[in-house]
Amino acid sequence: MSTSHDPPGIPSTATELELLRAFEPVVRFTSGEQFFPMDVERYVEGCGLWLYHPDDHDQQMIAEGALTTERLVEPRKAAFGSVFYLRFVGPMGIEASARALAALQRLKRQQQHVFRAGLGRLARGGLVPRLLDALFSATLLLRGRVPKATAAAAVLEYAAMQERDERYVYHGRVVRHGGWTICQYWFFFAYNNWRSGFYGVNDHESDWELASVYLYEQGEGLVPEWVAFASHDFHGADLRRRWDDSSDLTLEGLHPVVHAGAGSHASYFAPGEYQAEVPLPVPQRVKEVLEVLQRFWRRTLGQFRSGDNPFRVPFIDFARGDGLSVGPGQEREWTPNLIAETTRWVSAYRGLWGLYAQDPISGENAPAGPMYNRDGSPRASWFDPLGFAALDRVPPPPLELKMLEADRGALAARQEELDALVPRQAEALQERATRLESMEGNPHLARQHERLAEQVAKLAEEVKALRRERSENEAVLESMTRRLERHRAGRREHPRAHIRHAAEPVPPAQMRFSRAAELFAALSLSLLLLGVAALVIFAPDRALAGVVVLLIALVVGESILRATFVRTVNRVAVILALVAAVILLFHFWKPVLLAGLVGLAVFLLAQRIRELRA
Amino acid sequence: MAALAAGVGLYSLTVGVLAVQTGQDDRLVDGIFHLAFGLGTLAAGVGAFRLRSWAWAAFMTWAVIGLTHQILRYLFLGDPNYVDMAINTFAVLAMSPLEVQVAFGLRHTQNVHLARPTRNPLDRD
């Protein structure tokens, strides 16, 4: 429980631009980051507009250099299944790709901010996630991907733009919903190079990120209460932090600090390295079978289940905050750009803001604008900024007190009503039940008895429901009274009470596996494959058996290095025991059945004898 | 499990002692192996009786090796030792449940789900 103090704020007469500037975030990037928030106008002028047709061909609508935000929003017709998209980097031949990759290497050598991954993400997962990771990488060949040379060309193009006119821009919007004033800061990046630059999940042209500050009116001023960032793998209330939550939220005066993921640009409250997990698309039937097996594992075999999803690939989102810092009083300052639904490029262009890579699971396709999803449907964070952070159910603090008082008053009145009603109904029930009893043994009153019995049963239910309501109301009233008292005394809920799953960086102790474990993680998959090859060459008759032994040895060996030996050896032993049990049942089902029957007979006999002797 | 281990250990020790006593070179290695194995199994039996976590780990490791060996023999050679397979299966199914792991100090009790559905009308609505 925290105690309120004089809250910070600005006059409620402030203009939208003044409001945005008063609370604009500070964004701290990771060293080695290549893309920073920019204005869409310059980006669009560097793009061409394309149309993907449902018959699987792409058509250039407007060439690079001829496009402006005005031309972008001109109405255009297209068939169902078509996709309008921008291309920041045009199609490249082999020679251009090689030139771009070489130029990127030169640029990296010149740049001051260099990225070093340190320990790879592979050391943080076991052998199975590593196998899945290899498969996941292989699927990119089939799914459609943004070529690495495109990423290199995008870096060069963006660097050239910044050299001509260095600017760091956010697109700000102010909305008023449900008693809240919301300042939304939309950050637009020319490219997301998480995969090609930082060992992440995906690459795509263009990227939108969002930070919001939620204010409420108090007296003549607007007071900040919540801050919400768009963070991977989290949603609803878990996205926001209260202004006084100093354990997680860093403030520079009135400016919340965002730690941006390298390449991914996902926003985090605290600096660090975050483990993001990409769930693999597993068919529903397979999931159902897995659930049955997990139930059997937990309930029948009495085994512990950690809740880990085996079909996921761990990735690291590096949000170290050790690179360029942009914002008030930082190395670079913001240039604000006001937007609203009336801004034409926001509302009138529903296409993608970068390359449509035809990736069916969308990881490599560019996103749409701030107002829309990739399929052109409205984006929740735009049309429902309160619901986006699960604030639609939270009134601003001054309103909450009034609401609570009114609600408590209504409930207290109902309680008084119940205090009178319950004894009256209970008495009526007893009267009717007595009358019902007096009808017993009189066959000529059978029909009346039946009717009255129904009434008595109904009334009994009513009385039970009223007593329940009264009892529940009493408890609710108590809790409301306590909350009111706390409110009046100026005490508030714990600032983290609303958080269910917080995005937290992986603790350093967990990240720093021993050198041997790191080495093993790097080598194990290759060792396994080389071992299989050696077995096929030198012992083809025993290859399959050899692979099984090799796999078990690798899994158990790695578990020793990762300090998970007990868990691993238990799992392996139980799986082997189940296989052995099936073999034994298959060959010895008759003796097993007979032994079972004899055992059951002896058990039942012993039980009965004990009962007889009792 | 402790009794089973003690039995197997004593048996191995006896075989080992007898083999060494013969004084024949070809049986010496076999005898030393049985002696070492018997001593190890006896120690594991004592450890299991005293609910030591290392004894649990030793049993399970031994079971993994034994079961892998017998299953591979079954799949590729067709002549497994069914008695060995059955003993190892029984050992694993007896030693692996969560409650047993808690007893051996391998897991914390808060990981054990103790809630059971009730049939008491006082606890139902």
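Which helices do the buried residues of α2(B) pack against? Before the answer, some ground rules: this is a predicted model, where local features need pLDDT of at least 70, side-chain atom pairs count only at pLDDT 80 or more, and totals for chains, interfaces and linings use all residues. Residues are numbered from 1 along each chain as its sequence is written, with chains lettered from A and ligands numbered from 1 in the order in which they are written.

Helices here are DSSP runs (H or I, at least four residues), numbered from the N terminus. The buried residues of α2(B) pack against α1 (2-22) and α3 (53-77) of chain B. Those buried residues are H34(B), G38(B), T41(B), A44(B), G45(B), G47(B) and A48(B), buried meaning that 20 or more other C-beta atoms, placed from the backbone, lie within 10 Å of a residue's own. After α2(B) comes L51(B), with a positive phi near 55°.

Now over to chain A. Helix α16 (residues 543-561) and helix α17 (residues 565-587) pack at about 155°, axes 8 Å apart, the axes being lines fitted to C-alpha atoms over the stretch in contact, with angles from 0 to 180 degrees between N-to-C directions. That makes α16(A) and α17(A) roughly antiparallel, a label for angles over 145 degrees.

Then there's the contact between the chains, which takes 22 residues from chain A and 26 residues from chain B; contact means C-beta atoms, placed from the backbone, within 7 Å. On the side of chain A that touches chain B, α17(A) gives the most, with 14 residues.

Notes: Helices (H or I, at least four residues) and strands (E, at least two) are DSSP runs, numbered from the N terminus. Angles under 35 degrees count as roughly parallel, over 145 as roughly antiparallel, 65 to 115 as roughly perpendicular and the rest as oblique. Two residues are in contact if their C-beta atoms, placed from the backbone, lie within 7 Å. A residue is buried if 20 or more other C-beta atoms lie within 10 Å of its own, exposed if 12 or fewer, and partly exposed in between; C-beta atoms are placed from the backbone.
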